Amino acid sequence: MEERYLVAIVLAGGKGTRMKSDLPKVLHDLSGRSVIRHAVANLREAGIGDVIVVVGHRRDQVTEHLDGEVRFAVQEHQLGTGHAVQQALSLVGETSESVFVCYGDMPFLSTSTIRRLIDTRSHLGVAGVILTMIADNPPDYGRVIRDENGRVKKVVEVKDCTAEELKIREVNVGVYCFDAGALRWSLPRLDDDNVQGEYQLTDVVRVLAGGGRRVETMRTDSLEEAHGINDRADLERAQRLKDIRSL
């Protein structure tokens, strides 16, 4: 059953230069369906009827591909993931209670994980929930920083981590569910004071926690769910996973 007060924002505006292709990475084929169609189908199966896809690089190809299936927000300039989500906020209705955010290049996010994130966010006083996992020396995942009481303080991207922070094994997968009002409050408070010089969605966690708002984590033990497709090796790995699942 579709939930009326829930909307998903799917980030699909990046250049995807590591794919070395004129085709946006989210449009590459995976078992007869584009990568982003897998991502959107997972959201639909979890009961999210309203899906907004943020497009940027080669946006005409993505909008043509998904025309009539989703709504679109345009990120004219690539200023970071937080900026991308902000471009979609005007499309999020005032009646929306929760905003689910994920990437268009993650085809294996399970329906059960999506629902668990949504359910956790719906608890009284929870401003946001982030999907995490425990990993040893992960190269590309931001670290989850907690205070002395175990409460989430912030997420630090790898390039901004200190040597001590890099030792942390709990990492951010890049999937979130926010209270709509809390997201509207936090996004304008982001800054670009980081190595990338971008407005990062991960900093929403720091802003919320710093403002006394509660951010929870939900853990996945599935490496598949965390698998994003950034280059051809990732795509080949995803195809092998799909093949194994179909046996």
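The model is predicted, so local features need pLDDT of at least 70 and side-chain atom pairs count only at pLDDT 80 or more, whereas totals for chains, interfaces and linings use all residues. Residues are numbered from 1 along each chain as its sequence is written, and side-chain values use heavy atoms, with hydrogens and water left out.

A nonpolar core is a set of buried Ala, Val, Leu, Ile, Met, Phe, Trp, Tyr and Cys residues joined through side-chain atoms within 4.5 Å, where buried means under 20% relative accessible area (1.4 Å probe, protein chains only).

| Core | Size | Residues include |
|---|---|---|
| Largest | 34 residues | Ile-36, Leu-43, Val-53, Phe-100, Val-175 |
| Second, separate | 31 residues | Ala-88, Val-144, Leu-190, Val-215 |

Beyond its neighbours within four places in sequence, Val-175 is in contact (heavy atoms within 4.5 Å) with residues including Phe-100, Met-106, Leu-117 and Ile-130.

In helix H4 (a DSSP run of H or I, at least four residues), Thr-113, Ile-114, Leu-117, Ile-118, Thr-120 and Arg-121 are buried. Seen down the axis of H4, these residues fall within an arc of 165° and so line one face of the helix, the arc being that of the directions from the helix axis to the C-beta atoms. They pack against S1, H1, S6, S7, S10 and S11.

How values were computed: Buried means under 20% relative accessible area, exposed over 50%, partly exposed in between (1.4 Å probe, protein chains only). Helices (H or I, at least four residues) and strands (E, at least two) are DSSP runs, numbered from the N terminus.
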